[in-house]
Amino acid sequence: MLVNRCLVEMLCMLTRFVLVVLPRDVFSVLKRFIPLRLKQYLTKEVMRRNKRQGSTLIVKDGRKFCVIGEAHFIQVFYNGVYEERLTEISRLLIDDGDIAVDVGASFGWYSTLFAAQSPLGKVIAYEPHKNMCSILKMNVDVNCMGSIVDVRNKAVGERSGGVSFQSGASGESALGHVVLDGNVRCDTVESITLDADLSGYLNNVSYIKIDIEGSELNALKGAMKLLKSKNQPILQIEVNDAALELQGTSRSDLLLFLTDCGYSFYMVSSKSRGSILVAGDCDTATDLFCFGNGKYSSRISRVLGVGSRG
């Protein structure tokens with residue numbers, strides 16, 4: 001038993017050195033020789049320990065992140081990137097000087113990405129989970145982006161007030177969601193509408209990313225002025241049918257609402273060649289990029305004719 005523990009300690013120390021200390025290009029070569037199950041175990045174990053030690057990780061594009069022990073962070077910790085194709089598309093669609101909004105900012109992958117793309121602009125990041133919001137602020141600070149990213153510990157919905165919010169299973173804050181059942185034990189957090197909270201930016205927001213576990217339609221309903229403004233921001237929306245159902249809505253409700261607001265939909269291509277985004281019926285797409293008729297609509301040309309580098 002003691003020998004096994006010592007072996008695990010040695011492997012964890014080695015893995016931490018490879019994952020956190022070595023340059024990313026060296027690690028990308030070494031990881032090919034590590035068996036998958038061992039990689040998964042060691043990554044989780046090192047993440048758990050580094051979380052206690054307050055380690056930071058430098059990812060492929062040079063940004064830094066505090067290491068957290070949540071499952072969704074494993075791909076960042078191991079691959080040096082999170083949601084690679086979505087990241088690539090977002091980077092192509094944001095210009096310096098843009099005002100971008102991140103609804104459901106989590107640990108700040110997209111908030112800091114937007115800030116890196118638009119250092120002369122502004123990012124407003126909403127994260128209702130108290131602990132995750134603290135991590136988000138740390139990641140903004142460690143990247144020296146505090147003057148660009150405005151972190152707000154609030155939920156976003158159809159109306160202002162207070163909402164019941166519950167963390168995901170095993171405390172996974174990335175899976176936290178608004179709760180409609182009054183009998184479920186949860187926390188009460190402040191909720192705002194985008195129209196009210198961003199009243200000073202109604203015609204200047206260029207990009208809105210929304211990933212809030214089924215409450216996307218409610219957030220959009222609270223942003224009618226933004227969505228129907230003369231410039232109509234680009235939308236990046238996660239679509240989870242099961243999560244939408246828990247919130248009393250559906251994919252068809254979401255698409256109908258966006259159509260009424262004058263938006264067209266594109267989904268991430270499943271092909272390795274050709275455009276990154278393609279038009280489609282979007283019946284099964286988990287992520288949508290939506291373009292209106294305002295001044296930002298022309299940016300669609302940047303991704304329709306660009307093949308993925310992934």
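**Before you start**

You are looking at a predicted model, in which local features need pLDDT of at least 70 and side-chain atom pairs count only at pLDDT 80 or more, while totals for chains, interfaces and linings use all residues. Residues are numbered from 1 along each chain as its sequence is written, and side-chain values use heavy atoms, with hydrogens and water left out.

**Stop 1: the sheet**

Switch to a cartoon view. Helices (H or I, at least four residues) and strands (E, at least two) are DSSP runs, numbered from the N terminus. Look for an open sheet of eight strands, in the order β5-β4-β3-β10-β11-β14-β12-β13, with mixed pairing; two strands pair if DSSP finds at least two bridges between them. Select 149-152 for β5 and 277-279 for β13: these stand at the edges with a single partner strand each, so one side of each has no neighbour in the sheet. On average, neighbouring strands here are turned by 20° against each other, direction ignored. Angles run from 0 to 180 degrees between N-to-C directions, and axes are lines fitted to C-alpha atoms, for helices over the stretch in contact.

Contact means heavy atoms within 4.5 Å.

**Stop 2: strand β11 and its partners**

Select residues 234-238, which are strand β11, together with 205-210, strand β10; the two run parallel and are joined by four bridges. Ile-208 has Leu-235 as its bridge partner in β11, and Lys-209 has Gln-236. Next, select 287-291 to show β14, which pairs with β11 in the antiparallel sense, again over four bridges. Here Gln-236 is partnered by Phe-289 of β14.

Is β11 buried or exposed? Five of its five residues are buried, so the strand is largely enclosed by the rest of the structure. Buried means under 20% relative accessible area, exposed over 50%, and partly exposed in between (1.4 Å probe, protein chains only). Ile-234, Gln-236 and Glu-238 lie on one side of β11, with Leu-235 and Ile-237 on the other, and both faces are covered.

**Stop 3: the largest cavity**

Rolling a probe the size of a water molecule over the atoms shows where empty space is left. On a 1 Å grid over the protein atoms alone, a cavity is a set of points where a 1.4 Å probe fits but cannot get out; lining residues have an atom within 4 Å of a point. Grid points are joined across faces, edges and corners, and a volume is the space filled by probe spheres set on the points. The whole structure holds two cavities of 30 Å³ or more, and the largest has a volume of about 50 Å³.

To see its lining, select Glu-83, Leu-86, Tyr-110, Lys-209, Ile-210, Asp-211, Gln-236, Ile-237, Glu-238 and Asp-287. The elements giving two or more residues to this lining are β10 and β11, and β11 gives the most, with three. By type, the lining has four nonpolar residues, one polar and five charged. Nonpolar covers Ala, Val, Leu, Ile, Met, Phe, Trp, Tyr, Cys and Pro; charged covers Asp, Glu, Lys and Arg; the others, Gly among them, count as polar.

**Stop 4**

Go to Ala-100 in strand β3 (residues 99-103). Ala-100 is buried, at 3% relative accessible area. Beyond residues up to four places away in sequence, Ala-100 touches Ile-94, Phe-114, Lys-122, Val-123, Ile-124 and Tyr-207. The C-alpha atoms of Ala-100 and Ile-124 are separated by 6.5 Å, although the two are 24 residues apart along the chain.

With seven of its nine residues buried, α6 (residues 109-117) is largely enclosed by the rest of the structure.

**Stop 5: two loop residues**

Most residues other than glycine have a negative phi. Select Cys-144, in the loop between α7 and β5: its phi is positive, about 55°, and Cys-144 is exposed, with 68% relative accessible area. Then select Gln-232, in the loop between α10 (224-227) and β11. Gln-232 has a positive phi of about 40°, and counts as buried at 8% relative accessibility.

Definitions and conventions: On a 1 Å grid over the protein atoms alone, a cavity is a set of points where a 1.4 Å probe fits but cannot get out, and a pocket is an open set with protein on both sides within 12 Å along at least five of seven lines; lining residues have an atom within 4 Å of a point.
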